[in-house]
Amino acid sequence: MEEGKAYSPCGVFAHLEMLEARACEAATKKEETERQEEKLARLKARVEELRLQRDELQAKVDLQQKRQLGKEGVASAPAQPSAQAVLEWKIRSVEAMLQVFYLTGISGKLTKLGVCFCISTAYEGTYLDSYYLDLLTKPEVQIHRHSVPVFIPLGQIAKKYLQTDIRRFLSVLSDHLNAYAGRRYQADQLQEHFSDQIEGTLQRNSLCNLLVFNYNVLSKRKTFLFNVRLLYGDLCCSLPTEVVISCTPDAPASLAETAAAHSDLFRRVALHKAFRSFSSAEENMDGAP
């Protein structure tokens, strides 16, 4: 009796789910640490950029003061910085800006009428799409043309930040685009690699902030159907804020715990990673004595 209880499918499955949950939690903490390190590096680059701007402004102020004193006969003409010093300053400035662009995925170039920005999106180290934004700078900053999808709230973001803080405008727009790209990437990965577990068609809207699908769950050598509704209330986030899972009427009561565990995973890890965890757990359960 004790041996049968120790190796029952439900017991093994529950134990595997617990181990998988711990592994996912550790992975989540690792990803959070990496995000914090990336944010710190970005801030350091920004500090370096501001220092360079400060040094440039200070040099201009000192030069202006020396010229003024020279005009008043108090001092002679100011000494010009050497060509080597100017070159070194330009190199440091370019390196700082390249570091900022590399970390944020935002780059830009001057045009005849203003500036054109490119916002590159990525998810978990995989580079996805790039979007372009052509801005006019005179008589005031305004959007000339762009390739941002119509369902991204570009108008709202521009109204709030474009005239007052262009850097903040680009940052918020980048957050929206990266979150959308991440949600779409997860849905694509789910359809591509786990189509055998999905029952029917995965339904999603243009913004990919609402996903509805059915998938099969194995319990006691029988297959049951879970219906899932994922809502991404935060449009700058690639993980759902609301998860609703319902089972078929004939499902055993023990599946309620499985549904709760799956719901927790959906909130904490990428969609395709959650399904990879489910598949591994079921394979281990099948191989258990």
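# Notebook: Ser-120 and other places

**Entry 1, Ser-120.** I began with a pair of serines: the side chains of Ser-120 and Ser-130 are joined by a polar contact of 3.2 Å. I take a polar contact to be a pair of N or O atoms within 3.5 Å; within protein, one must be able to donate a hydrogen and the other to accept it, and residues adjacent in sequence count only if both atoms are side-chain atoms. The model is a predicted one, where local features need pLDDT of at least 70 and side-chain atom pairs count only at pLDDT 80 or more, while totals for chains, interfaces and linings use all residues. Residues are numbered from 1 along each chain as its sequence is written, and side-chain values use heavy atoms, with hydrogens and water left out.

I located Ser-120 in strand β2. Strands (E, at least two residues) and helices (H or I, at least four) are DSSP runs, numbered from the N terminus. The scale calls a residue buried under 20% relative accessible area, exposed over 50% and partly exposed in between (1.4 Å probe, protein chains only).

I then listed what Ser-120 touches, leaving out residues up to four places away in sequence: Gly-105, Asp-129, Ser-130 and Asn-178. Contact here means heavy atoms within 4.5 Å. I also looked up Ile-106, which is 14 residues from Ser-120 along the chain; their C-alpha atoms are separated by 6.4 Å.

I moved on to Thr-121, which has its place in strand β2. Thr-121 counts as buried, at 1% relative accessibility. Which residues does Thr-121 touch, not counting those up to four places away in sequence? I found Thr-126, Tyr-127, Leu-128, Asp-129, Tyr-131, Leu-177, Asn-178 and Ala-181. For Asp-129 I noted a distance as well: its backbone oxygen lies 2.7 Å from a polar atom of the Thr-121 side chain.

Glu-124 has a positive phi of about 55°, although it is not a glycine. Glu-124 is in the loop between β2 (114-123) and β3, and it counts as partly exposed at 38% relative accessibility.

Cys-208 is not a glycine and has a positive phi of about 55°. Its loop runs between β5 (198-204) and β6 (210-219). Cys-208 is buried, with a relative accessible area of 3%.

Where is the cis peptide bond that I noted? I found it from Lys-138 to Pro-139, with omega near 0°. Pro-139 lies in the loop between β3 (126-136) and β4 (142-146).

I checked how helix α4 (residues 154-161) packs against helix α5 (residues 166-193): the angle is about 155° and the axes are 9 Å apart. Axes are lines fitted to C-alpha atoms, for helices over the stretch in contact, and angles run from 0 to 180 degrees between N-to-C directions. The two helices are therefore roughly antiparallel to each other, a label for angles over 145 degrees.

From α4, the contact is made by Leu-154, Ile-157, Ala-158 and Tyr-161. From α5, it is made by Ile-166, Arg-168, Phe-169, Val-172, Leu-173 and His-176. I sorted the contact of α4 with α5 by class and got eight nonpolar, one polar and one charged residues. In this sorting, Ala, Val, Leu, Ile, Met, Phe, Trp, Tyr, Cys and Pro count as nonpolar, Asp, Glu, Lys and Arg as charged, and the others, Gly among them, as polar.

I found His-262 in helix α6. His-262 is buried, with a relative accessible area of 3%. What does the side chain of His-262 make a polar contact with? The partner is the side chain of Tyr-215, at 2.7 Å.

Val-269 is in the loop between α6 (255-268) and α7 (271-286). At 8% relative accessibility, Val-269 counts as buried.

I placed Lys-222 in strand β7 (residues 222-231). Lys-222 counts as partly exposed, at 49% relative accessibility. Lys-222 and Ala-251 are 29 residues apart in sequence, and from C-alpha to C-alpha they are 9.6 Å apart in space.

**Entry 7, the whole protein.** I ended with the totals. The secondary structure comes to seven helices and eight strands. Of the 289 residues of the protein, 33% count as buried. Among contacts between residues at least 6 apart in sequence, 48% join residues at least 24 apart.

Notes: Parallel < 35°, antiparallel > 145°, perpendicular 65-115°, else oblique.
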